[in-house]
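Reader: Please show me the model first. I will then ask about its pockets and its annotated sites.

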Amino acid sequence: MKKNAFERIFLIVLDSVGIGEAPDAEKFGDKGADTIGHIAEKMNGLKLPHLETFGLGNIRNDIKGVTPVEHPKAHYGRMQEASNGKDTMTGHWEIMGLKIENPFITFPDGFPDELIRQLEEKTGRKVIGNKPASGTEIIKELGAEHMETGALIVYTSADSVLQIAAHEDIIPIDEQYRICEIARELTKDEKYMVGRVIARPFVGEPGQFERTANRHDYALKPFGHTVMNELKDQHFDVIALGKISDIYDGEGVTEAIRTKDNMDGVDKLLTVMDKPFHGLSFLNLVDFDAKYGHRRDPIGYGEALEAFDRRLPEILGKLTDKDCLIITADHGNDPTHAGTDHTREFVPLFVYYNGIKEGHEIPLRHTFSDLGATISDQFDIPMPEHGTSFLDEI
């Protein structure tokens, strides 16, 4: 393919849709992890006819319900993470040309007393919880106490996150965001180095609590210049959908569009496809990870994959001859694996555009940054520090 063949690239990250353990999975405690493979087994076969035509079964011929095809519609392959980590920010930052050598700090025993004391002093509210937990379970456990006292429910996970849950009727959403901004300032230095602070608003009554779509992530700024920064600097559009803008703390983003869930994300993408722009549209579909992977729900995960697959023809139907669609993931989150953590896995890679006569296998990419390098190569902008373009392969 020649440079500048496309005016628009649509990049979709299926958050946590890993496709089998990486060679270094054991180092991360993830030996045997296989997000899509294990989901397919639990579902007694996945029905993904459109991803199948893209070559999903050609990447892996043992995914139950998915078979290889003789003439794939898309170019297909796998990518392996090079950074030292398996969290959302690490995966996304690597896609855009960065390599994380020192992983973000995690807090398996909760946050230090000193940090909690500072948070209480600066917000004027007590903290309850302060432990690793499922977001839905901790509001079941502490939601009533929070409503009675106004205390902040603080919790973490195996990721580098400080999450603050609060009822929207007890603490107005603007105040919740202000509290998270305070927490972000407290955790920026090397002492804590928390990857993300996340507002987790909820509503309802004890026994019937429900998290709302007003989640907001406060991430650290990328420590280097990303492909998105370069695109913006070179006057290309970078349209961030879902939590993409949060993940990069707005860096390199020319327009940010929030989404409520996977299907709303697809709806918003289709709207973006209807308008003229020149550059990158970057969508994260978070439900796979947040709603099903971390909650260890393989059936819900599988149904969400099938729901996305059913929407794929709508996306393909809006592609012009100047468009390219890329689908990948940022890590794994095997819902059959121990714990509630992400898993160190290969991720799938699909590249589709009108006019492909027959897709072929893209050689294994040894860093996600090869994707960012390919986007840079296509738009003929300065290449990122990490990554090798595979533009000639597609």
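Reader: Which elements each supply at least two residues of the lining of the largest pocket?

Author: This is a predicted model, in which local features need pLDDT of at least 70 and side-chain atom pairs count only at pLDDT 80 or more, while totals for chains, interfaces and linings use all residues. Residues are numbered from 1 along each chain as its sequence is written, and side-chain values use heavy atoms, without hydrogens or water. A pocket is an open set of points on a 1 Å grid over the protein atoms alone, where a 1.4 Å probe fits, with protein on both sides within 12 Å along at least five of seven lines; lining residues have an atom within 4 Å of a point. With helices (H or I, at least four residues) and strands (E, at least two) taken as DSSP runs numbered from the N terminus, the elements are β6 (196-203), β8 (216-219) and α11 (287-293).

Reader: What is the volume of the largest pocket?

Author: The 24 lining residues include T212, A213, R215, T259 and K260, the closest to the pocket's centre. Taking volume as the space filled by probe spheres set on the grid points, the largest pocket has about 570 Å³.

Reader: Which element gives the largest share of the lining of the second largest pocket?

Author: This pocket holds about 330 Å³ and is lined by 24 residues, with A133, S157, Q163, R200 and H294 nearest its centre. Two or more residues come from each of α6 (135-149), β4 (152-156), β5 (161-167), β6 and α11. The largest share, three residues, is that of β6.

Reader: Where does UniProt place the feature "binding site", and which of these residues belong to the lining of the second largest pocket?

Author: The unreviewed UniProt entry places the feature at D289, H294 and H342; such annotations may be inferred rather than shown by experiment. They gather at one spot, because no two of their C-alpha atoms are more than 8.4 Å apart although they span 54 residues in sequence. The lining of the second largest pocket includes D289 and H294.

Reader: Is D289 buried or exposed?

Author: D289 lies in helix α11. Buried means under 20% relative accessible area and exposed over 50%, with partly exposed in between (1.4 Å probe, protein chains only). At 4% relative accessibility, D289 is buried.

Reader: With which side chain does the side chain of H342 make a polar contact?

Author: H342 sits in the loop between β12 (323-328) and β13 (347-352) and is buried, at 0% relative accessible area. A polar contact is a pair of N or O atoms within 3.5 Å; within protein, one must be able to donate a hydrogen and the other to accept it, and residues adjacent in sequence count only if both atoms are side-chain atoms. At 3.2 Å, the partner is the side chain of D159.
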